[in-house]
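Please read these notes with the model open beside you. Take the points in order.

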Amino acid sequence: MADFLKRLVPKRFRKKGVVIPVVRLHGPIMSGGSRFRPALNLASVAGQLEKAFAMKDSPAVALSINSPGGSPVQSRMIYDRIRALAEEKNKRVLVFVEDVAASGGYMLAISGDEIIADATSIVGSIGVVSGGFGFPELLKKIGVERRVYTSGENKVILDPFQPEKESDIEYLKTLQAEIHEIFIDMVKARRGSLLADDPALFSGLFWTGRKGLALGLVDRLGGLREEIKTRYGKDARLELVGAQKGLFGRRVPGIGAFGSTDQIAAQAVAGLAETLEEKALWGRYGL
C-alpha cells in the first residue's frame with residue numbers, strides 16, 4: 001500500500017536521492033522452518049527478491065548477508081534466482097557481509113557483482129560437511145533391539161542405529177566431492193582472476209574479511225550505509241524490503257493460525273531440533 005501511495009505523489013514532490021532496496025539474507029539456510037525458527041530458503045525470500053528487483057528507478061539491489069550456510073540445494077536455488085533477476089531487470093547486485101558469509105552463505109555472496117565485507121567478518125569455508133550421531137551401543141545398554149526390513153541393500157545406508165560401514169562412508173564422500181566441485185566451479189566462474197593462487201582457498205578454511213580481501217574472496221572492506229552514500233551520493237536512501245504480508249498482517253509464506261495442542265507440541269519439538277542445528281552451524285565460526 002505504501003508503494004502505491006508513493007506512486008500517486010508527483011516526482012517533483014518526492015524525496016530526492018537514489019533509493020537502493022536492501023534484502024536481508026540472514027540465518028542458517030534450511031529447506032524447512034517453523035513459527036519457532038524461521039528458515040532462510042528460496043520460499044522465504046523469493047517475494048522480497050522479486051519486489052527489490054522490481055523497483056525500476058533503483059540502479060542496484062543490496063543484499064545484506066549473515067549466514068553460516070546450511071542446505072547446498074537452497075543456497076544454489078537462491079543464488080540462481082538472484083542472478084536471473086539481476087539479468088532480467090539489468091540491476092547491479094551489491095553484497096554486504098555482516099558477521100559471516102561462509103559455506104552456503106558464501107555461495108549466496110557470490111551472487112553479487114561486488115562483495116563488500118567488514119574487516120572482522122568471516123568469509124569462505126568453501127567445502128561440504130555432513131554430520132550426525134551414532135547410537136548402536138546405546139541401544140544395547142538400554143535393551144532396545146533395532147529391527148529394519150528393506151527391499152534394496154542400500155536403503156539403510158548411514159543408519160545412525162547401526163555400526164558405521166566403510167562402504168557407506170566412501171559413498172557419502174563421493175557425493176560430498178561432487179557437490180564441492182560444483183561449489184568450486186561457481187566460485188571460479190564468479191570471482192575468476194580475482195582469486196589468489198592459494199591451495200587453502202577451497203579446503204573449507206574460513207578467514208576474516210581483511211584476509212578474504214587479500215585472497216580475492218571479497219572486493220573491498222566497508223559497510224552498507226557508507227558504501228551506498230559514497231557510490232550514489234549523500235542523498236541516497238536505503239529501503240529495507242521485508243517479507244510479504246497477508247490481509248491480516250501475517251507473513252507470507254509462513255504458518256497459519258495455531259493448530260491443535262498436538263500440532264503446537266510437534267512444532268515446538270521441531271523448533272528445538274532446528275535451534276540445536278542452528279547453534280551447531282554458527283558454532284563452527286565461533287559465533
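The points below go from the whole chain to single residues.

1. **Ground rules.** This is a predicted model: local features need pLDDT of at least 70, side-chain atom pairs count only at pLDDT 80 or more, and totals for chains, interfaces and linings use all residues. Residues are numbered from 1 along each chain as its sequence is written, and side-chain values use heavy atoms, with hydrogens and water left out.

2. **Confidence.** pLDDT is the predictor's confidence in each residue, from 0 to 100. The chain has a mean pLDDT of 81, and 68% of its residues reach 70 or more. Among the elements, strand β4 (residues 114-117) has the highest mean, 98. Strand β10 (residues 251-252) has the lowest, 50. The pLDDT is below 50 over residues 246-250, a stretch with six contacts beyond near neighbours in sequence. It is also below 50 over residues 253-260, where there are 14 such contacts. Contact means heavy atoms within 4.5 Å. Where pLDDT is low, the predicted coordinates should not be read in detail.

3. **Overall make-up.** The protein chain has nine helices and ten strands. Helices (H or I, at least four residues) and strands (E, at least two) are DSSP runs, numbered from the N terminus. Of the 287 residues, 37% are buried. Buried means under 20% relative accessible area, exposed over 50%, and partly exposed in between (1.4 Å probe, protein chains only). Take the contacts between residues at least 6 apart in sequence: 73% of them join residues at least 24 apart.

4. **The largest core.** Which residues touch the most other members of the largest nonpolar core? They are Leu25, Leu49, Leu63 and Leu217, in a core of 43 residues. A nonpolar core is a set of buried Ala, Val, Leu, Ile, Met, Phe, Trp, Tyr and Cys residues joined through side-chain atoms within 4.5 Å. Elements giving two or more residues to this core include β1 (19-26), α2 (42-53) and β2 (60-67). Helix α2 gives the most, with six residues. A second, separate core has nine residues, among them Ile20, Val22, Ala62 and Leu94.

5. **Helix α2.** This helix has twelve residues. From first C-alpha to last it reaches 15 Å, close to the 16 Å expected at 1.5 Å a residue. The expected span is 1.5 Å times one less than the number of residues. Its buried residues are Leu42, Val45, Ala46, Gln48, Leu49, Ala52 and Phe53. Their cover includes β1, β2, α3 and β3. Leaving out residues up to four places away in sequence, Leu49 touches Val23, Leu63, Ile78, Arg81, Ile82 and Leu85. At the helix start, a side-chain oxygen of Asn41 comes to within 3.2 Å of the backbone nitrogen of Ala43.

6. **Ser121.** Look in the loop between β4 and β5 (122-124) for Ser121. Is Ser121 buried or exposed? It counts as buried because its relative accessibility is 1%. Its side chain reaches the backbone oxygen of Asp118 at 2.7 Å. Beyond four places in sequence, Ser121 touches Val97, Glu98, Asp99, Trp207, Thr208 and Gly209.

7. **Phe202.** This residue sits in the loop between α6 (166-191) and β6 (206-208). Phe202 is buried, with a relative accessible area of 19%. Not counting residues up to four places away, Phe202 touches Ile126, His180, Ile184, Val187, Lys188 and Leu195. Ile184 is 18 residues from Phe202 along the chain, and their C-alpha atoms are 6.9 Å apart.

Note on methods: A polar contact is a pair of N or O atoms within 3.5 Å; within protein, one must be able to donate a hydrogen and the other to accept it, and residues adjacent in sequence count only if both atoms are side-chain atoms.
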